Structures are given as structure tokens and as C-alpha cells.
Amino acid sequence: SKSLHRFEALFNGVTFQKGASLDFHAKIGGALETRIRGQSIGIIHDQALCDALFDAYLGTKPVIPSIKDDMKTWLASMVL
């Protein structure tokens, strides 16, 4: 899809150093903002891309299970 190609292109020429942060932020209306080391590198307006990315990390079979567990703990701390 066009959005997936735009998403992949965000990382062209990017080198990650150990400990560097990579953050994804879902915005109202289905926009996905990607940040590296706190700096926004792009926003893609595609609800399906947002859903797929967050499902990969927070869905029933997360690619990194500890991230889902950490998110549960963080959300619980916000409610209590």
C-alpha cells in the first residue's frame, strides 16, 4: 500500500544506536506519528496502518510480549 511504502521510507538512511527510542503515536482521526529520539520524522494519515502497527505490538500475539506487559502495567498505574 502507499501508506506502507511511506512508512518504510521514513527509515531510509536512519541508523539506530543502542538505547535510541522509537515511538509511535496514534493521533485522532487515524494519523500515525513516528518519532526517533523524541524527534518527529513523519505523520501518515491511515487508520488501517495505525491499527495494524498497534495490533502487532499490543494484539493477541505481540511481536515483543514484554511491551504489551509494560503497557498494561503503565495503564494500571494511571487508573489507580
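Me: What pattern does the chain follow, read along the sequence?
Reply: This is a predicted model. Along the sequence, the chain runs α-β-β-β-α-α. That comes to three helices and three strands.

Me: And what does the C-alpha trace span along its principal axes?
Reply: About 40 × 30 × 25 Å.

Me: Let's look at F7. Where is it found?
Reply: F7 is in helix α1, residues 2-9.

Me: Buried or exposed?
Reply: F7 is buried, because its relative accessibility is 13% and the cut-off for buried is under 20%.

Me: What is F7 in contact with, leaving aside neighbours within four places in sequence?
Reply: F24, L32, T34, I44, L49 and L53.

Me: How much of the chain is buried?
Reply: Buried residues make up 22% of the 80 residues.

Me: Now the surface. Which residues make the nonpolar patch?
Reply: L58, V63, I64, I67, M71, W74, L75, M78 and V79. The patch covers about 830 Å².

Me: Which helix gives the largest share of the patch?
Reply: Helix α3, residues 65-79, with six residues.

Me: What about V63, where is its place?
Reply: V63 sits in the loop between α2 (47-58) and α3. V63 counts as exposed because its relative accessible area is 54%, and exposed means over 50%.

Me: Last one, charges. How many positive and negative, and how far apart are their mean positions?
Reply: The chain has 9 positive and 8 negative charges. Their mean positions are 3 Å apart.

Note on methods: Residues are numbered from 1 along each chain as its sequence is written. This is a predicted model: local features need pLDDT of at least 70, side-chain atom pairs count only at pLDDT 80 or more; totals for chains, interfaces and linings use all residues. Side-chain values use heavy atoms; hydrogens and water are left out. Helices (H or I, at least four residues) and strands (E, at least two) are DSSP runs, numbered from the N terminus. Buried means under 20% relative accessible area, exposed over 50%, partly exposed in between (1.4 Å probe, protein chains only). Contact means heavy atoms within 4.5 Å. Patches are made of residues with over 30% relative accessible area and no salt bridge: like charges are joined within 9 Å, nonpolar side chains (Val, Leu, Ile, Met, Phe, Trp, Tyr) within 5 Å. Accessible areas come from the Shrake-Rupley method with a 1.4 Å probe; for residues, only the protein chains shown count as cover. A salt bridge is a side-chain nitrogen of Lys or Arg within 4 Å of a carboxyl oxygen of Asp or Glu. Lys and Arg count as positive and Asp and Glu as negative; His and the chain ends are not counted. The place of a charge is taken as NZ of Lys, CZ of Arg, CG of Asp or CD of Glu.
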